[in-house]
Amino acid sequence: MKALVLEHTKQIAVKDVPAPAVVGDNDVKIKINTVGICGSDCHYYQYGKIGSFVVEKPMVLGHEASGTIVEIGNNVKNLKVGDRVCMEPGIPNMSSIQTLSGFYNLDPEVRFWATPPIDGCLCETVVHPAAFTFKLPDNVSYAEGAMVEPLAIGMQAATKAEIKPGDIGLVYGAGTIGILTALAALSGGCSDVIICDLFDEKLAIAKQYPGLHPINSKNKEELAAKVCELTSGMGVNVAFECTGAAPVILNVTEHVAPSGTVVLVGMPIEPTPFDIVAAQAKEITFKTIFRYANMYPKTIALLASGKLDVKPLISARFKFDDVVDAYERAAEGRATDVKIVIEME
């Protein structure tokens with residue numbers, strides 16, 4: 001079958017690869033319809049590694065996907081051939097302590113699509129555990145289904161934040177994860193969310209959502225004034241760091257209210273310091289996330305309800321024949337792009 005293969009740094013090509021394995025009793029076989037391009041895909045494409053995850057042999061890219069079931073295993077009862085689905089890309093060891101304790105995303109043995117040495121899903125068909133395959137409601141498109149994966153990260157962050165109705169939030173970063181985290185925070189109970197970025201083009205995309213207040217990070221006075229306006233000078237209840245940028249992390253508590261919460265979502269390339277004393281003086285609670293756990297059903301339900309709309313974030317659609325062009329565009333990092341998707345059909 002055809003697949004998009006990362007052969008070397010900055011070298012990708014559509015190749016013939018072996019078809020997926022035989023469908024196991026608890027598995028389903030899925031014909032891929034739509035795959036989103038993630039920042040991590042671009043990072044592997046451009047640099048060949050992310051931290052300790054190094055691409056040492058050719059690897060199929062892609063982990064944000066939706067498709068149609070074409071075959072089911074003998075034990076699968078909750079899904080059937082023809083179902084439109086999206087897939088959670090991380091498969092843990094179902095017997096690990098972490099999985100049995102409820103946080104399977106932290107299982108060190110998790111096999112995550114397009115994370116070396118595991119192949120991704122930008123190919124014609126995949127075989128996947130039914131337990132990590134979720135039916136899409138009729139009013140959720142394949143493209144929206146592919147967006148469930150990055151939105152689940154925002155949902156994990158908002159859930160970890162323990163948002164209370166009427167809280168004011170602040171998100172640093174208006175990329176895909178930043179905007180989706182801001183929308184999840186609104187859905188989770190925030191009345192208003194300030195979202196910051198260095199690029200006005202990304203902020204213009206965020207501006208279309210009621211409840212989001214875009215501010216260019218360069219305008220520190222405007223940011224401080226907006227925080228003061230929305231919080232009567234107290235500071236935000238929760239801040240989400242979605243950039244991974246050292247200068248942001250260093251001062252991440254600046255606009256947080258005493259006893260507020262900071263959720264660290266972005267991953268810095270290198271170990272990064274932050275102002276511990278400033279955090280202690282406010283008794284700030286810090287929380288971190290790593291991907292997500294048990295977020296797909298809630299995320300799909302939220303999309304189906306119409307209370308959260310990701311369609312405006314899809315910047316471009318490419319056919320599989322043009323997938324190399326799609327990755328080259330994604331790697332450019334255009335300020336006007338949020339999410340680029342590949343349509344296999």
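Q: How do the residues lining the second largest pocket divide into nonpolar, polar and charged?
A: In this predicted model, local features need pLDDT of at least 70 and side-chain atom pairs count only at pLDDT 80 or more, while totals for chains, interfaces and linings use all residues. Residues are numbered from 1 along each chain as its sequence is written, and side-chain values use heavy atoms, with hydrogens and water left out. The pocket (an open set of points on a 1 Å grid over the protein atoms alone, with protein on both sides within 12 Å along at least five of seven lines, lined by residues with an atom within 4 Å of a point) has a volume, filled by probe spheres of 1.4 Å set on the points, of about 530 Å³. With Gly counted as polar, the lining divides into 18 nonpolar, three polar and three charged residues.

Q: Which strand gives the most to the lining of the second largest pocket?
A: Among the strands (DSSP runs of E, at least two residues), β6 (59-60) and β11 (125-129) each supply at least two lining residues. The largest contribution, five residues, comes from β11.

Note on methods: Helix = DSSP H or I, 4+ residues; strand = E, 2+ residues; numbered from the N terminus.
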